[in-house]
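Keep the sequence and the model side by side.

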Amino acid sequence: MITASINLWQAAHGRFLKLDGHGLIMAIVNATPDSFSDGGRFATVDQAVQHALACVKDGAHIVDIGGESTRPGAASVTDAEEQDRVLPVIEKLSRETDALISVDTYRASTARLAIEAGAHIVNDVFGLQKDPDMAKVVAGSGAGVCIMHTGRERQKLDDVIADQFVFLNHSLGIADAAGIARDRIVLDPGFGFAKDVDENVALMSRFDELASFRLPMLAGTSRKRFIGALTGREAADERDVGTAATTTILRLAGAVIFRVHNVSMTRDALAVADAVLDQKKRQETRA
């Protein structure tokens, strides 16, 4: 299995995340009233902060703070609305935890203010391609960045992996032009973002082909609709077992970071997957 050539994911404020060969967890904290799984549960600053701290206690390495739902059909929000939701949470969290803080936004203005408030990472679901100023903000701040693939607002190729390479290589070109160093980049294939059930399953089955990017890969399958379709679980919060199954599959296929709602279940799934990978490494060393 080809592995990423980067051992440290560099982030803002002199921070970094050590990629030590074991799966890492990014906890989802939706400071929104309408996210598909837990919208409204953490809509106040205190609720969001307490949930984020609980996730860290359960084993999250990163907390990802979002102020706009990205579910299909969700109402868009203004820059000011998004910032009103996420900035107070980030400011308070930066004082209360040493965990890395990520801001889930495709807006350069929100990213800039979030980093000033204490965020270390920008998680852009449009892969630096929506807001022309985003790459400049990331480069100037020294933030880490998660570049996600999406099929939204564009024409996709028929082959799911070919489309990954077309989109993500374009994003990496934008990053290079802005001066974002490769050790600040993680890639995300964007499970569920304008992908049907078959496309998501194909992406999982061929995930190891993305290793040729030689960059750390993040997987965000948590509670997605395709898991519901595969398992028959209509309620999003009943899809954690299916999510854990995808976590195990994708960890064995090379994913490093997992963006999830249920941190403790993901921690257990990764413990099993990592034990298998460690055993394989020992066998290869002895061979």
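Start at I147. Leaving out residues up to four places away in sequence, I147 touches D124, G127, L128, L168, S171, L172, A175, I185, V186, L187 and D188. Contact here means heavy atoms within 4.5 Å. The model is a predicted one: local features need pLDDT of at least 70, side-chain atom pairs count only at pLDDT 80 or more, and totals for chains, interfaces and linings use all residues. Residues are numbered from 1 along each chain as its sequence is written, and side-chain values use heavy atoms, with hydrogens and water left out.

I147 belongs to the largest nonpolar core, which has 76 residues. A nonpolar core is a set of buried Ala, Val, Leu, Ile, Met, Phe, Trp, Tyr and Cys residues joined through side-chain atoms within 4.5 Å. Buried means under 20% relative accessible area, exposed means over 50%, and partly exposed lies in between (1.4 Å probe, protein chains only). Which members touch the most others? They are I65, I90, I147, I185, L187 and I257. Helix α5, residues 160–178, gives the most to this core, with six residues. Another core lies apart from it, with five residues, among them V125, F126, M148 and F193. In soluble globular proteins, nonpolar side chains tend to be buried together.

Now turn to the sheet. Helices (H or I, at least four residues) and strands (E, at least two) are DSSP runs, numbered from the N terminus. Two strands pair if DSSP finds at least two bridges between them. Eight strands form an open sheet with parallel pairing, in the order β8-β7-β6-β5-β4-β3-β10-β9. The edge strands are β8 (185–188) and β9 (218–219), and each pairs on one side only.

Look next at individual pairings. Strand β3 (residues 24–30) runs parallel to β4, and five bridges join them. Across this pairing, V29 stands opposite I65 in β4. Strand β5 (residues 100–104) is also parallel to β6, with three bridges between them. Here V103 stands opposite V122 in β6.

Is β6 covered on one face or both? Both faces of β6 (residues 121–124) are covered. I121 and N123 are buried on one side, V122 and D124 on the other. In a regular strand the side chains alternate between the two faces of the sheet.

Charged pairs come next. A salt bridge is a side-chain nitrogen of Lys or Arg within 4 Å of a carboxyl oxygen of Asp or Glu. By this rule there are 17 salt bridges. Side chains of opposite charge can pair when their charged atoms come close.

Take E68 and R107. Their side chains meet in a salt bridge at 2.6 Å, N to O. This pair links distant parts of the chain, 39 residues apart. E68 sits in the loop between β4 (62–66) and α2 (79–96), and R107 in the loop between β5 and α3 (108–117). Both E68 and R107 are buried.

R107 also forms a salt bridge with E82, where the closest N and O atoms are 3.2 Å apart. E82 lies in helix α2 and R107 in the loop between β5 and α3, so this pair ties together parts that are 25 residues apart in sequence. E82 has a relative accessible area of 1%, so it counts as buried. R107 is buried too, at 8%. E68, D79, E82 and R107 are linked in a network of salt bridges.

Another pair is K130 and E153, whose side chains meet at 2.9 Å, N to O, in a salt bridge. K130 is in the loop between β6 and α4 (134–141), and E153 in the loop between β7 (144–148) and α5, so the pair ties together parts 23 residues apart in sequence. K130 is partly exposed, at 35% relative accessibility. E153 is exposed, at 63%.

E153 calls for a second look at the backbone. Its phi is positive, about 60°, although E153 is not a glycine. R214 also has a positive phi, near 55°. R214 lies in the loop between α6 (197–205) and β9, and R214 is partly exposed, with a relative accessible area of 41%. Most residues other than glycine have a negative phi.
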